[in-house]
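This report covers a helix packing, a residue in a loop and some aromatic pairs. The sequence and structure come first.

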Amino acid sequence: MKESIIRLRTLEKQRFAYRYALNVVDFDAETVAPEGSADGRAEACEVLSRADFDLLVNDNTAALLRQAAQDAETEQERAEVRELQRAYDQISKIPADEYAAFTKLTQQSIPAWVKAKRTNDFSVFAPYLEKIVAARRAQAHYFAPDRDPYEVLLDQYEHGLTIAQCDEFFATLRETIVPLLADIRDHGTPIRTDFLDQDWPIDAQRKVSEKIMQLWGLDPAESEHPFTTEFWRGDVRITTHYMSRDMFSNLYSVAHEGGHALYELNIDPAYDYTAVTGGATMGIHESQSRLFENYVGRSRAFVHCLYPTLRELFPTQLADVTEEEIWRAVNRAEPGLIRTEADELTYALHIMVRYEIEKALIQGTLAVADLPAAWNAKYKEYLGVDVPDNAHGCLQDIHWSMGDIGYFPSYALGSAYGAQAIADLRKTMDLDAQWAAGDMEPLKAALKERVWQWGSMKEPQWLVQSLCGGKFDPHYFTRYLKEKYTALYQL
């Protein structure tokens, strides 16, 4: 191994240590940290992020990357140089003080968002969001002053994605979803849902989580907003939020976050502590979480597998509820307020709202002060629902408080990737028989071969084609939705 590659690996491990520390801080903040602890945490994170910035952005690192690019001999070495160079290019143009200050800002904004959501007071969060939007716009301008700033941010979460591609993708989904929803509303056979809203003991819900996570090998914690944190390949944790009146919300949040965790846990150990470990893009990551949440978790086969456990844990609540009724209820199409509770059919409409709003915020055509009204108007237009308050509206998601603007389209893309992947896998695998028996191993092995093992070693375009079994085509997703909901509602 050339000296430059040895030095590169040392740099990668040093950066891993800083990211590990920041992840520990974030996990603590979202789970057990007491209220009022944000200021001290923000100061610590500002120092850590500045140290990570200084480690990467300097003349020595720039020279090292040039030399390592010449010396790299293996595919992995070339990929490590590529990913480090990409990281260097993204942040090197941002002033160091601004980079560190942004980390501090997001540490302060998250508890402000939590308070705003709990008290239904947008004014608590608005000043932080204004600063975040301004900072993200400035960062995009530093990186590519001649490009649309929102497109620059899109590219950071889904490398290569453009606004034009997003617009076309969502237009394709809208052409199927809107008329199908209308058809369901006007002609669909009613679905029984009366049993969903009742008291579901938390202790029994935890046992449902444990049953699902036997396949995943993870230990759920509890948080305001379910999420997954990967400290490294050997330590990936998911959290969930239990609601006493909604058992299925927890069930599917665990299934979703478990998909994220499976991806991280199955990356090739050879990539540990390097720039090519970790998921490649948020769209690919979301494809795995949405796949396990919906294509597996909401399938007839998996409901069949889980039904005996649910009857055992909730004998009173499900005394007169059949397996078929559960399957139909958890797949119902019902326009609502909350993205994380949305069904497969309406979910993309929730994402469209966020896509259009965050694009307008970054492009400067929507002021933060006008965000609630814009949100409410789009929910009325796209989903036909009236938003009663900001807690159930523009304050429901944590993403913007974390600075994650440009992330949301990844959810809808992930759903579409998953539809094509499952369609391709069904050509050679009897997935329903396996899921009905509780056997996830064949699916996991196939996904590991196609995507998980590679981490970020392969370029995103290669990974998407490997996952999907060919060039990405969103019509696999629209056909899946059309066929599923036509049958479900006996249209």
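Helices here are DSSP runs of H or I with at least four residues, numbered from the N terminus. Axes are lines fitted to C-alpha atoms, for helices over the stretch in contact, and angles run from 0 to 180 degrees between N-to-C directions. This is a predicted model, in which local features need pLDDT of at least 70 and side-chain atom pairs count only at pLDDT 80 or more, while totals for chains, interfaces and linings use all residues. Residues are numbered from 1 along each chain as its sequence is written, and side-chain values use heavy atoms, with hydrogens and water left out.

**Helices 9 and 10**

Helix 9 (residues 202–213) and helix 10 (residues 247–265) have axes that come within 10 Å and cross at roughly 30°. That makes helix 9 roughly parallel to helix 10 (angles under 35 degrees count as roughly parallel, over 145 as roughly antiparallel, 65 to 115 as roughly perpendicular and the rest as oblique). The crossing is right-handed, a term for a near helix turned clockwise from the far one by less than a right angle. Contact means heavy atoms within 4.5 Å. On helix 9 the contact is made by Gln 205, Val 208, Ser 209, Ile 212 and Met 213, and on helix 10 by Met 247, Asn 250, Leu 251, Val 254 and Gly 258.

**Thr 274**

Thr 274 is in the loop between helix 10 and helix 11 (282–296). With a relative accessible area of 5%, Thr 274 is buried (buried means under 20% relative accessible area, exposed over 50%, partly exposed in between, with a 1.4 Å probe and protein chains only). Apart from neighbours within four places in sequence, Thr 274 is in contact with Arg 9, Glu 12, Gln 76 and Glu 80.

**Aromatic pairs**

Rings of Phe, Tyr and Trp (its six-membered ring) pair if their centres lie within 6.5 Å; planes under 30 degrees apart count as stacked, over 60 as edge-to-face and the rest as tilted. The count by this rule is 20 aromatic pairs. Two of them are tabulated.

| Pair | Centre distance | Plane angle | Class |
|---|---|---|---|
| Phe 169 and Phe 472 | 6.4 Å | 50° | tilted |
| Tyr 407 and Tyr 411 | 5.2 Å | 15° | stacked |

Phe 169 lies in helix 8 (residues 163–187) and Phe 472 in the loop between helix 19 (460–468) and helix 20 (475–488), so the pair ties together parts that are 303 residues apart in sequence. Phe 169 is buried at 6% relative accessibility, whereas Phe 472 is partly exposed at 23%. Tyr 407 and Tyr 411 are both buried. They belong to one aromatic cluster, together with Tyr 157, Tyr 347, Trp 375, Tyr 379, Trp 400 and Phe 408.

Methods. Helix = DSSP H or I, 4+ residues; strand = E, 2+ residues; numbered from the N terminus.
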